[in-house]
Amino acid sequence: MSFSDLPFSYGPFAPHWVPKQYIENYFSSHHTDSYLITNTTVESITKSKSPDPNSEPIWSLILRRYNAVNQQDEWWKEDFDAVIIANGHYSVPYVPQVAGLEEYIRIYPDRVMHSKQFRSATDFTNQRIIVIGNSASGKDITTALVSEAAFPIYQSRRTPSRWDGDNPPPGVEWKPIITRYDPSGEIIFADGSVIAGDKIDKIIYCTGYKPSFPFWNVQQNGRQLYDYREDRLVGSYLHTFFSDLPTLAIIGIPRVLTFRSMEYQAIAVARVWSGRRSLPPTEEQERWERSRADLTKRERRRFHDIPWDNGDTCHYLQALFDISGLPTLDGAGRYPPVLDAKTRWAIQNIKKYPEPGKTREKDGFVVVESSELKDSLHFI
């Protein structure tokens with residue numbers, strides 16, 4: 001979880017302030033702070049005709065910044081030859097549709113929240129909680145609440161995770177998905193069980209986020225940037241380029257090796273836009289998108305999820321590596337980081353941490369793996 005030129009000195013379960021500080025330090029170490037314009041909102045990105053008929057279209061950005069002295073917003077426009085979108089995609093909370101949920105929130109407005117609003121387990125001392133979700137945030141929040149909330153903490157799971165044993169940890173009761181919310185306050189689960197409204201203080205949805213591009217002007221740009229039904233970018237190549245918009249790129253969308261994959265993307269974009277390297281023909285880029293869409297639909301996984309175990313990550317990074325090529329003889333440019341033996345070991349052993357109820361053999365010894373050790377790893 002780092003860029004190759006500045007190691008990330010932390011374990012696999014880093015609290016949020018650690019990567020935040022890492023990013024700030026990264027800018028400082030490269031003396032790029034002066035290029036940052038903070039407290040500024042991009043209100044609109046639109047494609048405009050270039051004054052040169054032989055050039056690609058330019059991008060017009062409408063920007064807004066609050067002037068604290070005048071106590072009013074300042075708006076202005078700037079034009080750019082190319083734009084990289086790197087606004088992240090863990091900002092807009094996703095809550096799945098459940099029968100009766102909207103009415104339930106109207107009747108009990110302070111009862112339902114998203115994990116994005118979670119700050120500390122001490123905010124929920126002695127409260128009766130339902131946690132919805134069994135991925136990283138769902139498990140971490142449930143584990144944190146055990147020390148503060150009233151028992152049992154209900155955790156609604158669609159499927160078990162690899163960390164789950166045969167029984168829930170002390171203080172936790174597993175429930176299936178919620179199928180309906182009743183105006184009376186009752187919560188109905190898929191197995192027919194019911195929890196009365198007066199038995200619950202908070203419902204915390206740990207169900208992830210959706211990408212959001214409110215600045216993308218669909219009408220003026222002639223198309224969508226993201227297809228929310230298909231849950232993927234439109235017209236993307238290698239999750240980075242756009243086959244029909246050669247001066248637009250996006251970094252950070254694929255769910256893969258975080259900062260390291262972003263580094264591969266950034267180097268590839270820089271090489272192409274500097275004119276030192278080129279992308280394959282448009283037809284080949286479009287063929288890649290169709291092929292990936294077909295593959296991920298067959299395998300019932302998300303278009304932008306890139307798993308390590310099946311070799312998808314290596315193929316993806318190799319493609320970006322091939323586009324990037326080598327720096328110039330005089331050192332201009334940057335090497336794409338190699339996946340050497342040490343890096344591969346780290347990635348392959350991300351899942352080396354103990355799973356409850358399972359054993360493994362190491363150096364001729366049988367290692368018994370306990371749920372207590374598993375729980376402690378959340379706080380490493």
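Strands β7 (residues 129–132) and β13 (residues 202–205) run in the parallel sense and share 4 bridges. Two strands count as paired if DSSP finds at least two bridges between them. Helices (H or I, at least four residues) and strands (E, at least two) are DSSP runs, numbered from the N terminus.

The model is predicted: local features need pLDDT of at least 70, side-chain atom pairs count only at pLDDT 80 or more, and totals for chains, interfaces and linings use all residues. Residues are numbered from 1 along each chain as its sequence is written, and side-chain values use heavy atoms, with hydrogens and water left out.

**The parallel sheet**

- The pair β7 and β13 sits within an open sheet of 5 strands, in the order β6-β13-β7-β8-β9.
- The pairing in this sheet is parallel.
- β6 (112–114) and β9 (172–175) are the edge strands, and each pairs on one side only.
- From one strand to the next, the twist averages 25 degrees. Axes here are lines fitted to C-alpha atoms, for helices over the stretch in contact, and angles run from 0 to 180 degrees between N-to-C directions.
- Strands of a sheet pair through backbone hydrogen bonds, either parallel or antiparallel.

**The antiparallel sheet**

- An open sheet of 3 strands has the order β10-β11-β12, with antiparallel pairing.
- Its edge strands are β10 and β12 (194–195), each pairing on one side only.
- β10 and β11 (residues 187–189) are joined in the antiparallel sense over 3 bridges.
- Arg180 stands opposite Ile188 of β11.

**Helix α1**

- Helix α1 covers residues 17–29, which is 13 residues.
- From first C-alpha to last, α1 reaches 18 Å, close to the 18 Å expected at 1.5 Å a residue. The expected span is 1.5 Å times one less than the number of residues.
- Val18, Pro19, Tyr22 and Tyr26 are the buried residues of α1. They cover an arc of only 90 degrees around the axis, which puts them on the same side of α1. The arc is that of the directions from the helix axis to the C-beta atoms.
- Buried means under 20% relative accessible area, exposed over 50%, and partly exposed in between (1.4 Å probe, protein chains only).
- An α-helix has 3.6 residues a turn, so residues three or four places apart point the same way.
- Trp17 and Lys20 are exposed, on the face of α1 turned away from its buried side.
- The buried residues of α1 pack against α5 (258–273), where contact means heavy atoms within 4.5 Å.

**Aromatic pairs**

- Rings of Phe, Tyr and Trp (its six-membered ring) pair if their centres lie within 6.5 Å; planes under 30 degrees apart count as stacked, over 60 as edge-to-face and the rest as tilted.
- By this rule there are 15 aromatic pairs.
- Tyr104 and Tyr181 have ring centres 4.8 Å apart and planes at 50 degrees, so this pair is tilted.
- Tyr104 is in helix α2 (residues 101–107) and Tyr181 in strand β10 (residues 178–181), so the pair ties together parts that are 77 residues apart in sequence.
- Both Tyr104 and Tyr181 are buried.
- Phe213 and Phe215 have ring centres 6.2 Å apart and planes at 80 degrees, so this pair is edge-to-face. Both Phe213 and Phe215 are buried.
- One aromatic cluster is formed by Phe3, Tyr22, Tyr26 and Phe259.

**Backbone in the loops**

- Most residues other than glycine have a negative phi, and most peptide bonds are trans.
- His31 lies in the loop between α1 and β1 (40–48). Its relative accessible area is 64%, so His31 is exposed.
- Asn39 also has a positive phi, near 55 degrees. Asn39 is in the loop between α1 and β1. Asn39 is exposed at 70% relative accessible area.
- Phe151 and Pro152 are joined by a cis peptide bond, with omega about -5 degrees. Pro152 is in the loop between α3 (136–145) and β8 (153–156).
- Pro51 lies in the loop between β1 and β2 (58–67). With 78% relative accessibility, Pro51 counts as exposed.
- The C-alpha atoms of Pro51 and Thr247 are separated by 16 Å. Along the chain, Pro51 and Thr247 are 196 residues apart.
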